[in-house]
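Subject: A structure to look at

Hello,

Here is the structure I promised to pass on to you. Please open it first, and then read the notes below alongside it.

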Amino acid sequence: MINSVMNISNARKAFGGNEVLKDISLEVKRGEVVAIIGPSGGGKSTLLRCATLLETLDGGSLLFGDLAVATDAGSGAVYAKGDVPRQARSRFGLVFQNYNLFPHYTVMKNITDAPIRVLKRPREQAEARAHELIAQMGLVGNENKVPCELSGGQQQRVSIARALVLDPEILFFDEPTSALDPELTAEVLRVIKDLAAQNMTMVIVTHAMQFARDVADRVVFMDGGRIVEEGPAEQVIDHPREQRTREFLSRIE
Ligand code: ADP
Ligand code: MG
C-alpha cells in the first residue's frame, strides 16, 4: 500500500506576471495532519486550490497515491485526461472558510445530495451515514433546518460532514474558522481535533496557532510563494529557525 496520500512536487503557478507558487513541494502521508501557516497573500489558498484541481499548475506534478493527476514535462505540468480528474476528486474533500452550503437545502440534503445524485448511492444508505456524521459533528436535531437557521460554527460542521460523507482519503481545510467568533471557532476546532484522533489525513490552512500546535504533526510556514520552514509543530511554532517565521509569529500572537 502506498503511504503517500498526496504529493505535489516543484509546483509553480503564476497569475499574469505574479508568481504565486515558486517551486513548492509537499507530501502528505496517511494519517498525517499538516498545518499550513503564513501571512496573507503567501500562496496558501492557491496551493490548496491547485492540489484540489480548482486551479491548474503551470509546472510541477501532482499525485494522489499512485494516481498521477499532473506530471512535470519540463516545459510545464501536463494534466492526465479521461477519468483521472474524477478519480482524483473522489479521493479528497475540501472545506472552505465560508461553508459553501446550498442555502435552500436542509442539513440532511446538503450532506446526502452528492452521494445520492453523483455516486448513485441508495437514499437510505446515504441518510444512515449522514445520521452518523451529524451525531459525530454534534448536530443532532438540526437535520431539517436550512443553513440560515444555524450558527456559523454549525454550518461549518455541516460542511465538514458533507465532505466526510464521500469517504475522502484526505481532507483539505482553507481557514475553516476565520469567519467565526472565538466560541464558534472552538467547536469547529474540536471536531477537527476529533478527526485527527481518528487518524484522518488532513491539510489545514489556519491562523489558529494554538490549534496548529496541538493537532498538527507537521507545520509548514509559507511566505512569498515558498515554503520557508517546515517541521514538527513544537519546532516551527515554538522554536522557529527562520527570521521570517519569527516575525510572522510575533505579529499574530
Ligand atoms: P493566501 O491564501 O496565502 O492569503 P493566496 O493564494 O490567496 O494567498 O494569494 C496569493 C497571491 O495570488 C495573491 O497575490 C493573490 O492576489 C494572488 N491570486 C490568488 N488567486 C488569484 C486569481 N484567481 N487571480 C489573480 N491573482 C490571484
Ligand atoms: Mg487564503
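One term before the tour: an angle between two axes counts as roughly parallel under 35 degrees, as roughly antiparallel over 145 and as roughly perpendicular from 65 to 115, and the rest count as oblique. Please also keep in mind that this is a predicted model.

Let me begin with helices H3 and H4. Helix H3 covers residues 107-117 and helix H4 covers residues 123-136; their axes come within 9 Å and cross at roughly 135°. H3 and H4 are therefore oblique to each other. The crossing of H3 past H4 is right-handed. On the H3 side, the contact is made by Met108, Ile111, Thr112, Pro115 and Ile116, and on the H4 side by Arg123, Ala126, Glu127, Ala130 and Leu133. Sorted by class, the residues in this contact of H3 with H4 are seven nonpolar, one polar and two charged.

H3 also meets helix H5. Here the axes come within 8 Å, and the crossing angle is roughly 25°. H3 and H5 are therefore roughly parallel to each other. Their crossing is right-handed. Val107, Asn110 and Ile111 of H3 make this contact with Val158, Ala161 and Arg162 of H5. Four nonpolar residues, one polar and one charged make up the contact of H3 with H5.

Next comes the pair H5 and H6. Helix H5 runs over residues 152-164 and helix H6 over residues 182-197; they pack at an angle of about 20°, with the axes 8 Å apart. That makes H5 roughly parallel to H6. The crossing of H5 and H6 is right-handed. From H5, the residues Gly152, Gly153, Gln156, Arg157 and Ile160 meet Leu184, Glu187, Val188 and Val191 of H6. By class, there are four nonpolar, three polar and two charged residues in the contact of H5 with H6.

Now to the ligand. Which residues are around ligand 1? They are Phe15, Asn18, Val20, Gly38, Ser40, Gly41, Gly42, Gly43, Lys44, Ser45 and Thr46. Strand S2 (18-29) and helix H1 (44-51) are the elements that give two or more residues to this shell. H1 provides the largest share, three residues. By class, the shell around ligand 1 has eight polar residues, two nonpolar and one charged.

Finally, a word on the record. In an unreviewed entry, UniProt carries the annotation "domain: ABC transporter" for residues 6-249. In the model, this span is 36% helix and 28% strand, and its end C-alpha atoms lie 27 Å apart.

Enjoy exploring it, and do write back with any questions.

Best wishes

Note on methods: Residues numbered from 1 in each chain as written. Chains lettered and ligands numbered in written order. Predicted model: local features only at pLDDT ≥ 70, side-chain atom pairs only at ≥ 80, totals over all residues. Axes fitted to C-alpha atoms, helices over the stretch in contact; angles between N-to-C directions. Helix = DSSP H or I, 4+ residues; strand = E, 2+ residues; numbered from the N terminus. Left-handed = near helix turned anticlockwise from the far one by under 90°. Contact = placed C-beta atoms within 7 Å. Nonpolar A, V, L, I, M, F, W, Y, C, P; charged D, E, K, R; others polar. UniProt positions renumbered as here; feature names shortened; annotations may be inferred. Near = placed C-beta within 6 Å.
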